[in-house]
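Morning, everyone. I have one structure to walk through today. Please put it up on the screen.

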Amino acid sequence: MRIETPEQHYDLVVVGGGMVGASFACALSAAIEKENLSILIVEAIQQSTNVPQQPSFDSRSTALSYGSRCIYQEMGLWTQLASRVTAIKEIHVSDKGRFGSAQLNHAEYEVEALGYVVENRQLGEVLNKEMENSSQVKLLSPAKIDKVSPTSKGMQLQIEKGESTHTVETSLVVLADGGKSPICSQLGIEQSVDDYQQHALITNIAFEKPHHNVAYERFTDTGPLAVLPLDSYESENRGSLVWTVAADQSGELLDMDSSKLLHLLMDRFGNRLGQITLIGKRFCYPLTLRVAKEQIRPGLVLLGNVAHTLHPVAGQGLNLALRDTMVLVERLKRAAENSESPGSMAVLQDYLDSQDFDQQKTITFTNQLTRLFSTNNSGKVLARKLGLLSIDLMPSLKRGFAEQAMGLGGK
Ligand SMILES: Cc1cc2nc3c(=O)[nH]c(=O)nc-3n(C[C@H](O)[C@H](O)[C@H](O)COP(=O)(O)OP(=O)(O)OC[C@H]3O[C@@H](n4cnc5c(N)ncnc54)[C@H](O)[C@@H]3O)c2cc1C
């Protein structure tokens with residue numbers, strides 16, 4: 001439910017209504033219907049279908065793993081999402097100009113699809129509608145959290161809404177304000193930062209031939225390039241491009257004349273889908289691995305990019321955050337049933353202990369893949385050639401890779 005003025009106290013306050021904060025609020029309200037917890041979510045930028053300002057629900061598309069589909073299903077949102085996603089039936093991984101490739105097909109793993117592509121704005125519409133219809137979640141937006149400070153009973157937040165400033169007390173702050181969190185710095189929580197010196201160039205493209213629900217991950221001399229299948233629009237065969245380039249190259253590619261860029265892209269991607277016929281508006285994202293050195297404190301838990309921001313090469317960032325979300329929701333539900341405070345360290349530590357392995361594994365998998373596939377060093381080129389061949393030839397390795405990609409390899 002949208003509100004204009006907050007109450008003085010909530011059991012939980014979520015800072016940031018991006019993909020992770022909004023998913024968390026929806027998941028919690030679906031899980032604790034009977035427990036009567038009060039939840040406030042504060043989002044700085046009002047989502048609008050016309051103005052692409054909101055940083056989470058922008059022009060990107062996201063590959064949701066099969067595991068994330070199950071999570072949205074558990075939250076009761078899959079029926080609304082199903083008509084807005086494109087299934088990934090096959091993933092084709094290859095190395096430009098070199099022998100060696102790997103293919104993963106949904107039929108081998110007895111699932112309807114390996115994953116699904118959703119346009120971020122579409123996911124935003126579904127999540128925002130759900131929060132607006134919920135009686136348990138109070139959505140305050142546009143409004144900004146200026147300060148979070150610990151008190152003897154939990155946390156105190158200072159909220160700026162228009163010309164007014166409000167003070168709210170809570171037992172638990174779920175901080176989901178994205179990778180570059182000023183609140184984290186304010187609280188003295190450090191992040192380890194590893195700048196990949198790469199940017200992701202994002203755009204939608206159209207092809208001569210249909211994609212048949214294949215997602216392509218292609219490793220090129222300038223960095224990995226992914227093409228995710230999108231549903232056709234006005235009879236165009238569409239795909240979403242995520243092209244990793246050296247940081248100092250991105251400006252030139254953003255400004256480049258479209259026909260010249262098409263030519264360069266064809267050279268990198270090849271003609272597996274025929275000619276690339278159209279290229280949409282381009283956007284650029286700097287790529288950094290950021291990991292918070294603390295994820296919990298009494299009355300505080302970090303979720304999503306503020307806890308771990310990953311390279312998009314393996315499409316794991318949101319998928320990992322959704323798995324974190326579901327484990328946290330489960331622990332909070334148990335705490336509510338046992339009349340424990342949601343901000344108690346025992347509850348939060350239990351959550352973190354359960355997710356630590358999944359987080360470490362996913363961060364390492366993504367980082368190693370990024371390093372291995374962003375180099376022309378001859379040793380690493382050989383390693384990735386052997387890697388791609390062995391993924392394709394060794395069933396157990398292939399299953400491990402597929403399970404990670406499908407978001408089922410966390411345990
Ligand atoms: C190019 C690219 C492609 C990607 N592709 C994939 C993919 O295919 N699959 C996948 O799983 N992941 C992917 N990711 C990762 C995914 O986008 C992130 O995991 C996800 O966006 C994290 O969401 P978040 O809500 O934590 O942070 P954000 O998206 O940054 O949202 C934070 C929100 O908090 C709000 N906010 C900030 N400060 C305040 C404040 N003080 N008060 C109130 N509100 C505040 C902001 O307005 C924003 O809405 C990709 C990332 C990139 C860059």
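Start with aspartate 350 and arginine 331. They form a salt bridge, with the closest N and O atoms 3.1 Å apart. This is a predicted model, by the way. Aspartate 350 sits in helix α9, and arginine 331 sits in helix α8. The two residues are 19 positions apart, so the pair counts as a link between distant parts of the chain. Are these two residues buried or exposed? Aspartate 350 is partly exposed, because its relative accessibility is 30%. Arginine 331 is at 12%, under the 20% cut-off, so it counts as buried. The pair is also part of one network: salt bridges with shared partners join Glu330, Arg331, Arg334 and Asp350.

A general point here. Side chains of opposite charge can pair when their charged atoms come close.

Next pair: arginine 323 and aspartate 358. Their side chains meet in a salt bridge at 2.7 Å, N to O. Which helices does this pair link? Arginine 323 is in α8, residues 317-337, and aspartate 358 is in α9, residues 345-372. They lie 35 residues apart. Arginine 323 is buried, at 11% relative accessible area. Aspartate 358 is buried too, at 2%.

Now arginine 268 and aspartate 267. This salt bridge has its closest N and O atoms 2.7 Å apart. Arginine 268 is buried, because its relative accessibility is 11%. Aspartate 267 has 42%, so it is partly exposed. How many salt bridges does the whole structure hold? The search finds 15.

What about disulfides? The count is zero.

On to the strands. Look at β12, residues 191-207. Which strands does β12 pair with? One is β17, residues 283-292, antiparallel, over ten bridges. There, histidine 199 stands opposite proline 286. Another is β15, residues 237-246, again antiparallel, over ten bridges. Leucine 201 has tryptophan 243 as its bridge partner in β15. Then comes β16, residues 276-279, antiparallel to β12 and joined by three bridges. Alanine 206 stands opposite leucine 278 there.

Last, the whole protein. It has eleven helices and 20 strands. Of its 411 residues, 55% are buried. The accessible surface is about 17,700 Å², and 49% of that belongs to carbon and sulfur atoms. Take the contacts with a separation of 6 or more: 74% of them join residues 24 or more positions apart.

Terms used:
Residues are numbered from 1 along each chain as its sequence is written. This is a predicted model: local features need pLDDT of at least 70, side-chain atom pairs count only at pLDDT 80 or more; totals for chains, interfaces and linings use all residues. Side-chain values use heavy atoms; hydrogens and water are left out. Two strands pair if DSSP finds at least two bridges between them. Helices (H or I, at least four residues) and strands (E, at least two) are DSSP runs, numbered from the N terminus. Buried means under 20% relative accessible area, exposed over 50%, partly exposed in between (1.4 Å probe, protein chains only). Contact means heavy atoms within 4.5 Å. Accessible areas come from the Shrake-Rupley method with a 1.4 Å probe; for residues, only the protein chains shown count as cover. A disulfide is a pair of cysteine sulfur atoms within 2.5 Å. A salt bridge is a side-chain nitrogen of Lys or Arg within 4 Å of a carboxyl oxygen of Asp or Glu.
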